[in-house]
Amino acid sequence: MFKENLIMLRNIHGFSQEEIAAKVNISRQAYAKWESGATVPDIEKCSLLAEVYGVTIDSLMKGDNDEVREELKPAPRGKNIWGTITINDRGQLVIPKAAREKFGLVGGERLVVLSDEEGIALIEAKKFEANLQKMKELALSAIGKE
C-alpha cells in the first residue's frame, strides 16, 4: 500500500523522484527503493513526505479500503475517505463503522442529505440546524444595522 501511495501522490503532484528526494533530503536512488518496496523510510522521513503531500502519515502508509485503492488517493490532512458502501434495494445504506464512531452516530440519528453536481454529503441534522440558526441571526443583525 505504501509504495503505491508514494507513486500515486508523486504523479498527482507532478514531481519527479529527484524533486521529492531533494525535499526530504535523500538520494533519488533511496526514494526509488521506497517506491519499489525494497525499503521503507523511517518515521521522520514519513513525516516529511506527509507534509510535502499534505496528507496524514496514516493515510500515506495505508488505505481505508483495499477494494478502492486504485481509484482513491490518500485523503488530505483533516479529511477522511471511509471506503465504499452499497445502497440496498430499498435505498438504504450502512455508514462505515469507523465513520459512525468518529462522529458518534447511533441508530435513529437524523442526518441531512446535501448534494451538488458531483456528489452527495451527509451532515448531522443538529449541526446543520445550528448553522442555519447562526446564519439567520447574522442576517437579522445585518438588517437591523442598516
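Residues are classed by relative accessible area, computed with a 1.4 Å probe on protein chains only: buried means under 20%, exposed over 50%, and partly exposed in between. By this criterion, 21% of the 146 residues of the chain count as buried. The structure is a predicted model, in which local features need pLDDT of at least 70 and side-chain atom pairs count only at pLDDT 80 or more, while totals for chains, interfaces and linings use all residues. Residues are numbered from 1 along each chain as its sequence is written, and side-chain values use heavy atoms, with hydrogens and water left out.

The chain has 7 helices and 2 strands, and their order along the sequence is α-α-α-α-α-α-β-β-α. With contact defined as heavy atoms within 4.5 Å, residues 24 or more positions apart account for 34% of the contacts in the chain with a separation of 6 or more.

Aromatic rings of Phe, Tyr and Trp (its six-membered ring) are paired if their centres lie within 6.5 Å; planes under 30 degrees apart count as stacked, over 60 as edge-to-face and the rest as tilted. The structure holds 2 aromatic pairs. In one of these, the ring centres of Phe-15 and Tyr-53 are 6.5 Å apart and the planes meet at 50 degrees, so the pair is tilted. Because Phe-15 lies in the loop between helix H1 (2–13) and helix H2 (17–23) and Tyr-53 in helix H4 (residues 43–53), the pair ties together parts that are 38 residues apart in sequence.

Tyr-53 counts as buried, at 4% relative accessibility. Apart from neighbours within four places in sequence, Tyr-53 is in contact with Leu-6, Leu-9, Arg-10, His-13, Phe-15, Ile-20, Tyr-31 and Leu-60. The C-alpha atoms of Tyr-53 and Ile-20 are 9.7 Å apart in space, although the two are separated by 33 residues in sequence. Arg-10, found in helix H1, is also buried, with a relative accessible area of 13%. Beyond its neighbours within four places in sequence, Arg-10 has contacts that include Phe-15, Tyr-31, Glu-35 and Tyr-53.

Asn-25 lies in the loop between H2 and helix H3 (28–36) and is exposed, with a relative accessible area of 67%. Asn-25 has a positive phi of about 60 degrees although it is not a glycine. Most residues other than glycine have a negative phi.

A pocket is an open set of points on a 1 Å grid over the protein atoms alone, with protein on both sides within 12 Å along at least five of seven lines, where a 1.4 Å probe fits; lining residues have an atom within 4 Å of a point. Grid points are joined across faces, edges and corners, and a volume is the space filled by probe spheres set on the points. The largest pocket has a volume of about 1100 Å³. Of its 28 lining residues, Ile-95, Ile-120, Ala-121, Leu-122 and Ile-123 are the closest to the centre. Helix H6 (97–103), strand S1 (111–115) and strand S2 (120–124) each supply at least two lining residues, and S2 gives the most, with 5 residues.

Methods
Helix = DSSP H or I, 4+ residues; strand = E, 2+ residues; numbered from the N terminus.
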